[in-house]
Amino acid sequence: MAVLTGDEQPDLTLVNIESGETRILASHPAPDIYPTWSPDGSRLAFVSEREGNREIYLISPDGTGIVNLTNNPAYDSNPVWSPSGRYIAFLSNRDGGLALYVMDANSGNPMKIGESSVISQPA
């Protein structure tokens, strides 16, 4: 299970449900938030401000292969995987108001879906 630990600057932490053992996965001075597992459990998407603004990152369960998928000065947040694991939907204000975007889970390349403002987290 992935959870956030820490009060002021949360870290992404893995918890072994059977043993209760914990391991910080992505320690960084910037807050890490909104963890979400890929459908096959091979990767974890999360949001971090480690580059000065909210970006969406991927990481492997062993803590390797961290990648910034959004890499944009805008606010990018609330990632959610498609059932196939091929895409990640998220919210961004890169074109003004908060809107829904979808990107390839391997390469990024976000594209805006629709023209109206989105007021809730995608599911």
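A polar contact here is a pair of N or O atoms within 3.5 Å; within protein, one must be able to donate a hydrogen and the other to accept it, and residues adjacent in sequence count only if both atoms are side-chain atoms. With that in hand, the side chain of serine 48 can be seen reaching the backbone oxygen of proline 31 at 3.3 Å. The model is a predicted one, so local features need pLDDT of at least 70 and side-chain atom pairs count only at pLDDT 80 or more, while totals for chains, interfaces and linings use all residues. Residues are numbered from 1 along each chain as its sequence is written, and side-chain values use heavy atoms, with hydrogens and water left out.

Serine 48 sits in strand S5 (strands are DSSP runs of E, at least two residues long, numbered from the N terminus). Its relative accessible area is 0%, so it counts as buried (buried means under 20% relative accessible area, exposed over 50%, partly exposed in between, with a 1.4 Å probe and protein chains only). The side chain of serine 48 also makes a polar contact with the side chain of arginine 50, at 3.0 Å. Leaving aside neighbours within four places in sequence, serine 48 is in contact with Ala30, Pro31, Asp32, Asn53, Arg54, Glu55 and Tyr57 (contact means heavy atoms within 4.5 Å).

With a relative accessible area of 21%, proline 31 is partly exposed. Between proline 31 and glycine 6 there are 9.2 Å from C-alpha to C-alpha, though the two are 25 residues apart in sequence.

Strand S5 is part of an open sheet of four strands, ordered S4-S5-S6-S7 with antiparallel pairing (two strands pair if DSSP finds at least two bridges between them). At the edges stand strand S4 (32–37) and strand S7 (67–68), each with a single partner strand, so one side of each has no neighbour in the sheet. S4 and S5 are joined by four bridges, and threonine 36 has alanine 45 as its bridge partner in S5. Five bridges link S5 to S6, with valine 47 partnered by isoleucine 56. These two strands form a hairpin with six residues between them, and glycine 52 in the turn has a positive phi of about 100°. Two bridges then join S6 to S7, where tyrosine 57 stands opposite asparagine 68.

What about S6 itself? Five of its five residues are buried, so the strand is largely enclosed by the rest of the structure. Glu55, Tyr57 and Ile59 cover one side, and Ile56 and Leu58 the other.

A second sheet, also open, has four strands in the order S8-S9-S10-S11, again with antiparallel pairing. Its edge strands are strand S8 (76–81) and strand S11 (108–112), each pairing on one side only. From one strand to the next the twist averages 30° (axes are lines fitted to C-alpha atoms, for helices over the stretch in contact, and angles run from 0 to 180 degrees between N-to-C directions).
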